[in-house]
Amino acid sequence: MKKKNKPLSKKDNAPKRKVVVDKQVKDPSAGMRLNKYIANSGICSRRDADIYIAAGNVRVNGEVITEMGHKVKLTDDVKFDGRRINPEKKEYVLLNKPSGFYVTGSLEKNNRTVMDLIAGASKSKLDPVGKLDTSSMGLLLFTNDGTLAKTLGSSKTRVRQIFHIELNKNLDEEDIDRIRDGKVILEDGKVTVDEISYVDNRPKREVGIELQSTRPHIVQRTFKKLGYEVVRLDRVVYGGLTKKDLTRGHYRHLTKQEVINLGMI
């Protein structure tokens, strides 16, 4: 007896779809289209990126690229209107730095660096914003947001910072007044502080100082000018960020609101 053919289901009647493999996903080494790279950086849409590319606004590794479909890698140096851009998700990490860690150190000499402390924070390459001496402690910000890092690191930017400082000897009240009144003049100009005072219930060699300058080593140079040596420096506030619930040697990611606040500096 002949077997009856089974009726076809809707699923069987459905046209076969051709599976398209994205070569870029399959082979990450092939790179990313330049217009997508620009769009992922938050500059503009892919369509607008094509217009800027054709106009010669984009350089890759120092060379102007006008070719549509040009592919780049994350290791390439891509600049839009002279500014380096990054297609990776922007990340912001705050570390409470201990003493004894280099902000920049020699790998050949096996120096301990702050990068060791934030190794698990992100898969992206995060760079420190500004510097703290090896012996210094306190808040240090890391990010892959080059625009924000450049802004915060500029000597023209006013970033609120509070330091807890211990000196090699008691600080005279006359010297506190000189600092507060802006009478300390360094080689790169006058020192302006928002406040300076002794730390409550501590010896008079411990002081707190608030300022909004990013000039290098300004705290150490200020006290050296007056004949003191800073033996302990702890940055307890940076741009509105504090050490609250952040123990020494640990890090945390910034909240969206904290990132917004930094962007308004």
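Q: Which residue stands opposite Val237, and in which strand?
A: Strands of a sheet pair through backbone hydrogen bonds, either parallel or antiparallel. Here, Val237 stands opposite Thr242 in strand 16. Strands are DSSP runs of E with at least two residues, helices are runs of H or I with at least four, and both are numbered from the N terminus. This is a predicted model, where local features need pLDDT of at least 70, side-chain atom pairs count only at pLDDT 80 or more, and totals for chains, interfaces and linings use all residues. Residues are numbered from 1 along each chain as its sequence is written, and side-chain values use heavy atoms, with hydrogens and water left out.

Q: Do strand 15 and strand 16 run parallel or antiparallel, and how many bridges join them?
A: Two strands pair if DSSP finds at least two bridges between them. Strand 15 and strand 16 (residues 241-242) run antiparallel and are joined by 2 bridges. They form a hairpin with 2 residues between them, and Gly239 in the turn has a positive phi of about 55 degrees.

Q: What is the strand order in the open sheet of 4 strands?
A: The order is 3-2-5-6, with antiparallel pairing. Strand 3 (63-64) and strand 6 are the edge strands, each pairing on one side only. Strand 2 (residues 58-60) and strand 5 (residues 78-80) share 3 bridges in the antiparallel sense. Look there for Val60, which stands opposite Val78 in strand 5.

Q: How should I read the largest pocket, and what is its volume?
A: A pocket is found on a 1 Å grid over the protein atoms alone: it is an open set of points where a 1.4 Å probe fits, with protein on both sides within 12 Å along at least five of seven lines, and lining residues have an atom within 4 Å of a point. Grid points are joined across faces, edges and corners, and the volume is the space filled by probe spheres set on the points. The largest pocket comes to about 570 Å³. Of its 24 lining residues, Arg84, Ile85, Asn86, Asn144 and Gly146 are the closest to the centre. Strand 6 (83-84), strand 8 (127-128) and helix 6 (146-153) each give two or more residues to this lining, and helix 6 gives the most, with 5.

Q: How many residues line the second largest pocket, and which lie nearest its centre?
A: It has 22 lining residues, with Lys131, Thr214, Arg215, Pro216 and His217 nearest the centre. Its space is about 410 Å³.

Q: How many helices and strands does the chain have?
A: There are 9 helices and 17 strands.
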